[in-house]
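Hi,

Here is the structure I promised to pass on. Have a look at it first, and then read my notes below.

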Amino acid sequence: MLRALQGADWALDARARARRIAACFHERFAGEPELWARAPGRVDLMGSHTDYNRGFVLTLAIGRDTWIAARRRDDRSVRVHSMNLDDGDQFLLDDIAPVGGSRWCNYVRGVAATLRDEGLALTGCDAAIHSTVPLEAGLSSSAALECALATVFEALGGWRLTPERKALLCQKAENQFVGVKCGILDQYSSCLGRAGCALLLDCRDLSTRAVWIAGGIRVVVCNTMSPRRLSGGEYAQRRAECERGAAALGVSALRDATPEMLAARRGELPEPVARRCEFIVAESARAESLALALAAGDRPAVARLCAESFAGARALYEICSPAMVAMMDAMLAAPGVIGARQAGAGFGGCMVALVDAASTDAFRAHVQEAYRSATDVAPEIYAVEAAPGAEVFEGGAKGGWWARQDSNL
Ligand code: GLA
């Protein structure tokens, strides 16, 4: 059901998508939505697991996004329907408790509870939700949902949050209400994304720098189709190992550890903590280096940095699965590939390649075939464009915004 909806052509055509969402809204709630909000997923180009170590990440908010069509209610209740999951939820703004299991509606409830606890005036609403961000694939479908929903509450409530504050509140919802101790990467990307460029995010001071990718290079996301879940213990374990490493090195976060410091004190660190530290220190530096290499169009440097990142993810941080290794082989053997590596938290999900733009179709065809014959699984491959962060948009069939979207997809 989910895949059928996501793979359907209508979902990638902005007008058709809006018509379907409006029809769903009408069927579930009667009448018309009064506002529309969207927030993008993201793919990290470099900087695996550096965010919670206060390091650098090079990230791209992507054209795959979550749309919410909403209308206010006067009774302080919230009713939502997910088109992707064909599932709904309903709760009162003054009585929000998590539901059992790791259900998607906890992201909705968590955002509402967190904004309310900040003292922001919330209005009840009916909302139909549709996403083109594949779920559990490492492209931040949950952050896209959180940030789109916060944007709905913001618009209905008549107040404004800076994108930075909105991102931090959505992260708080995920950390404290849902119970997933993610870093800031996903929500920051979803709120601060910019059309046309990647962002170099400094996770210490939370500043971002726009990075324009040189012409002729495309970002292509390759989905292994093996799902990953952050609530699994591995992510929390990596975080704890990094904290142990930072404490042993006497720094507040691994951001402050240097390669020299690590080399001098490596013997004092237990394994695998030493390996985790080695990866993070190098990976954060690579995020800054890749920003320079992509802006300059320095293809050999892009290739080298991506190869080092994947090698470290495999041997030092140990977040690679057999499906990821098979995908890496398929990507590296494909025509037009410049560099390829893991994306998101690892442990399956999506990977990312930087590809010669003129060879994108040939790259896609090769990876489809090579990965399928190696694993018996058909991958999904998305060439992605940099997209703007969370925003309210014109949802009627009125024109301007749709024209921009259709030309982006
Ligand atoms: C997940 C988390 C992020 C980040 C990445 C790994 O996507 O939500 O905060 O830690 O993994 O870089």
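Which polar side-chain atom lies 2.6 Å from an oxygen atom of the ligand? That atom belongs to D186. Before I go on, a word on the ground rules: this is a predicted model, where local features need pLDDT of at least 70 and side-chain atom pairs count only at pLDDT 80 or more, while totals for chains, interfaces and linings use all residues. Residues are numbered from 1 along each chain as its sequence is written, and side-chain values use heavy atoms, with hydrogens and water left out.

**Around the ligand**

The side chain of D51 has an N or O atom 2.6 Å from an oxygen atom of the ligand. With H49 the backbone is involved: one of its N or O atoms is 2.7 Å from a ligand oxygen. (A polar contact is a pair of N or O atoms within 3.5 Å; within protein, one must be able to donate a hydrogen and the other to accept it, and residues adjacent in sequence count only if both atoms are side-chain atoms.) On its own the ligand would expose 300 Å², and the protein buries 98% of that. Those areas come from the Shrake-Rupley method with a 1.4 Å probe, and for residues only the protein chains shown count as cover.

There are 13 residues around the ligand, and the ones that come nearest are H49, D51, G183, D186 and Y235. Here a residue is near a molecule or strand if one of its heavy atoms lies within 4 Å of it. Sorted by type, the shell has five nonpolar, five polar and three charged residues. (Ala, Val, Leu, Ile, Met, Phe, Trp, Tyr, Cys and Pro count as nonpolar, Asp, Glu, Lys and Arg as charged, and the others, Gly among them, as polar.)

**Rings that meet**

Next, the aromatic rings. Rings of Phe, Tyr and Trp (its six-membered ring) pair if their centres lie within 6.5 Å; planes under 30 degrees apart count as stacked, over 60 as edge-to-face and the rest as tilted. By that rule there are six aromatic pairs. One of them is W36 with W67, an edge-to-face pair at 6.4 Å centre to centre with 85° between the planes. W36 sits in strand 1 (residues 35-46) and W67 in strand 2 (residues 56-73), so this pair ties together parts that are 31 residues apart in sequence. (Helices, H or I with at least four residues, and strands, E with at least two, are DSSP runs numbered from the N terminus.)

Are these two tryptophans buried or exposed? W36 counts as buried because its relative accessibility is 6%, and W67 is buried too, at 1%. The cut-offs are under 20% relative accessible area for buried, over 50% for exposed, and partly exposed in between (1.4 Å probe, protein chains only).

Y52 is in the loop between strand 1 and strand 2, while Y235 belongs to helix 7 (residues 233-249), so the pair ties together parts that are 183 residues apart in sequence. Y52 is buried at 10% relative accessibility, and Y235 is buried at 9%.

Back to the tryptophans: ring pairs link W36, W67 and F393 into a cluster.

A few loops are worth a click. E271 and P272 are joined by a cis peptide bond, with omega about 5°; P272 is in the loop between helix 8 (259-265) and helix 9 (273-296). L206 has a positive phi, near 60°, in a residue other than glycine. You'll find L206 in the loop between strand 6 (198-202) and strand 7, partly exposed at 23% relative accessibility. F347 also has a positive phi near 60°; F347 lies in the loop between strand 9 (337-342) and strand 10 (350-356) and is partly exposed, at 25%.

Cheers
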